[in-house]
Amino acid sequence: MFNRDLIAHLLNRVCLIPVESETPSRSLSEDLCQVRHRRFTQIWAVFGIVLFAVTWPLWTGQTFVPQIPFLETLVAVPGWLDVLLFWLMFASLLTSVFCFGYQGWLMAVFFLVTMISVLLDQNRLQPWVYQFLLLSILFTGSNRTNQVKWMRWFTISIYIYSAISKFDYQFVFTVGQSMWDGIFKTPPAENWEWVTLIFPAYELTAAILLLWSPTRKFGLILALLMHTGLLIALGPFGLNQSLGVLIWNLFFMVQTIYLFGICSDLKNMDVRLSFRDWIGQSAIVVAILFPMTQPLGIADHWPSWEVYAPRTSRSKFFADFRTESAENPFAEESLKKLGVPLYPQARYQFAIQAALAKREKAFSGTLLIQSESDRWNGERESSRIREDQIEMFRDRFWLNTKPRHTWLK
């Protein structure tokens, strides 16, 4: 009833989807690599669609939390652009699920529109968004073997940086204990709080085992168990984190299985690189090295993979027209209404609270700016900012601290 050759031809013309051939033109290993990679990138795109869907208020011009662009020149950008960018992101991911042959171009579109959207609001640079941006650059190339190789290095670096950030006094006595309680349903015994360092030690061990082929299977098992534990600790019966955080952990499990389990036989494949491959590879190399600049005050905490690490810098609000306590009034708003935790950077948190003071026009308290905590004793350096000091204090930061006009209206 149907002409198989005609259907195959149409599929190949529309989406360049590989179809079976009587006379294969590539080696079996190359065909297998293409099929595996196509399936993974389709799964990657589906996870991206789900993550953007569950956090859609963050991307569509919301007014719950002030939008702080990375660059001051973007504060006057109209809100309708956010909605347009969101649907372009969504469409590029959805199309890439079915039209693998055009993946390079679709990933370039996804990177461009997502990057513009992130530049319009610093809170959008969630860890999973940063990861998806970098992988989309890598996917613009055509060499699948090269992509798998650099995805492995990138994933291992995330585990290493994340583990190192948790060898910290604040983690031991705050988040570490909460995770312990979330998994074991009881806090660590008194004077045994340091037992929570087993979490970063475990993560670091998994990363080291993933580095070498002989130990990779053990590292894979440890990594999967780690993410399972995080799902338990952060899920509805534990810390009850946002849905996006849980979905990101599920994606990490799928990615780890693909990179270190399914794709363990790619070492003998062709490694010829195009110009686009070199661009993607260079982006991943920069991303791997970039967290080393965090102690110098260059990289932010999340791009340095300081996730679930409470040592990050922050800002708190003392204002008697809002609350008597020293808290960030937007932390709960971001988590409940936008579906994401608040960007953990003193610069950004100072900016959103200064924006609130400007819009309320009734500022009568102070902003408390706190540095990241000392790794050994948890102490922080603090600065109190009065109303007449806000504008002067903005000059301390390299990036923008002024809100978009759409939020001030």
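This is a predicted model: local features need pLDDT of at least 70, side-chain atom pairs count only at pLDDT 80 or more; totals for chains, interfaces and linings use all residues.
Modeller: Residues are numbered from 1 along each chain as its sequence is written, and side-chain values use heavy atoms, without hydrogens and water.

Biologist: Why are α7 and α12 called oblique to each other?

Modeller: Helix α7 (residues 144-166) and helix α12 (residues 243-262) pack at an angle of about 130°, with axes 10 Å apart. Angles under 35 degrees count as roughly parallel, over 145 as roughly antiparallel, 65 to 115 as roughly perpendicular and the rest as oblique; α7 and α12 are therefore oblique.

Biologist: What makes α7 roughly antiparallel to α10?

Modeller: The axes of α7 and helix α10 (residues 198-210) cross at roughly 155° and come within 8 Å. That angle makes α7 roughly antiparallel to α10.

Biologist: Which residues of α7 meet α10?

Modeller: With contact meaning heavy atoms within 4.5 Å, Ile 156, Tyr 159, Ile 160, Ser 162, Ala 163 and Lys 166 in α7 meet residues of α10, among them Pro 200 and Glu 203. By class, the contact of α7 with α10 has eight nonpolar, one polar and two charged residues.

Biologist: Why is Asn 143 called buried?

Modeller: Asn 143 is in the loop between α6 (127-139) and α7. Its relative accessible area is 9%, and buried means under 20% (exposed is over 50%, partly exposed in between, with a 1.4 Å probe and protein chains only); therefore Asn 143 is buried.

Conventions
Axes are lines fitted to C-alpha atoms, for helices over the stretch in contact, and angles run from 0 to 180 degrees between N-to-C directions. Helices (H or I, at least four residues) and strands (E, at least two) are DSSP runs, numbered from the N terminus. Ala, Val, Leu, Ile, Met, Phe, Trp, Tyr, Cys and Pro count as nonpolar, Asp, Glu, Lys and Arg as charged, and the others, Gly among them, as polar.
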